[in-house]
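Here are some notes to read alongside the model, point by point. Keep the sequence and the 3D view open while you go through them.

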Amino acid sequence: MYLALAAGLLFARFSRPVSKIVYSKIALIAPYRNLTGLMLRLANAKENILFDVSARVLLTMTVEEGDVNRRKFYQLPLEMDTINMLALSWTVVHPIDDDSPLAGMTQEEFDKTNPEIIVLLRGFNNTFSQNIHSQTSYKHYDVVWDAKFKSIFTSKKGKTMIEVHRLDEFEHIAHPT
């Protein structure tokens, strides 16, 4: 009986489902619609579908207030912070408008603030009926300016598929003058 109990506990411990969310290694700041946007890409690397997936993006940076440097935290509003299901990939976008802490900031000014972009993801895996959580972060050297992500979608036998290994691929674009 003790052997069966120990085996059951070990099986339960090591057979727990693990989410496999992969994030682009870089974030982009590039033209977006009629503005500029902070963009990052993520994908579900497993074949299951995640439901009610929500993302929060936080920005922390050093801001000069008088003679004192303070670390400030901002929650960045997203174009879409929740999607009904994540089957392939999602490009998370923060439109940089007049209310954004990144508004009017150049790359040099951005780098001087020692920023960190923190991404928190939450969803529901209905295969195992469990909530999943995932997070990543980007430092200033992980942010590429004036670039856009390349497409990662392919089609095989009428099915749309993504090439997860290409999640980080981008191309520089001409800076608008």
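1. Setting aside residues up to four places away in sequence, Leu 42 touches Ile 21, Val 22, Tyr 23, Leu 86, Ser 89, Trp 90, Val 92, Leu 121 and Leu 167.

2. Some ground rules. This is a predicted model, in which local features need pLDDT of at least 70 and side-chain atom pairs count only at pLDDT 80 or more, while totals for chains, interfaces and linings use all residues. Residues are numbered from 1 along each chain as its sequence is written, and side-chain values use heavy atoms, with hydrogens and water left out.

3. How confident is the predictor? The score to look at is pLDDT, the predictor's confidence in each residue, from 0 to 100. The chain averages 89, and 94% of the residues score at least 70. Helices (H or I, at least four residues) and strands (E, at least two) are DSSP runs, numbered from the N terminus.

4. Now the interior. In soluble globular proteins, nonpolar side chains tend to be buried together. A nonpolar core is a set of buried Ala, Val, Leu, Ile, Met, Phe, Trp, Tyr and Cys residues joined through side-chain atoms within 4.5 Å. Buried means under 20% relative accessible area, exposed means over 50%, and partly exposed is in between (1.4 Å probe, protein chains only). The largest core has 30 residues, and Leu 42 is one of those with the most contacts inside it, along with Ile 21, Leu 38, Leu 86, Trp 90, Ile 117 and Leu 121. Strand β4 (residues 50–65) gives the most to this core, with 6 residues. There is also a second, separate core of 9 residues, including Ile 26, Ala 30, Tyr 32 and Ala 147.

5. Have a look at Val 53, which lies in strand β4. Val 53 has a relative accessible area of 0%, so it counts as buried. Leaving aside neighbours within four places in sequence, Val 53 is in contact with Asp 81, Thr 82, Ile 83, Leu 86, Trp 90, Leu 121, Arg 122 and Gly 123. Take Leu 86 from that list: Val 53 and Leu 86 are 33 residues apart along the chain, yet their C-alpha atoms are separated by 6.8 Å.

6. Asn 125 lies in strand β8 (residues 116–125) and is buried, at 7% relative accessibility. With neighbours within four places in sequence left out, Asn 125 is in contact with Asn 48, Leu 50, Gln 130 and Ile 132. Ile 132 is in strand β9 (residues 130–139), and it too is buried, with a relative accessible area of 7%.

7. Then the loops. Lys 157 has a positive phi of about 50° although it is not a glycine. Asp 146, in the loop between β10 and β11 (147–149), also has a positive phi, near 55°.

8. Last, the pocket. On a 1 Å grid over the protein atoms alone, a pocket is an open set of points where a 1.4 Å probe fits, with protein on both sides within 12 Å along at least five of seven lines; lining residues have an atom within 4 Å of a point. The largest pocket is lined by 16 residues, with Glu 47, Leu 88, Thr 160, Met 161 and Ile 162 nearest its centre. Strands β12 (153–156) and β13 (159–162) each supply at least two lining residues, and β13 gives the largest share, 4 residues.

Methods:
Contact means heavy atoms within 4.5 Å.
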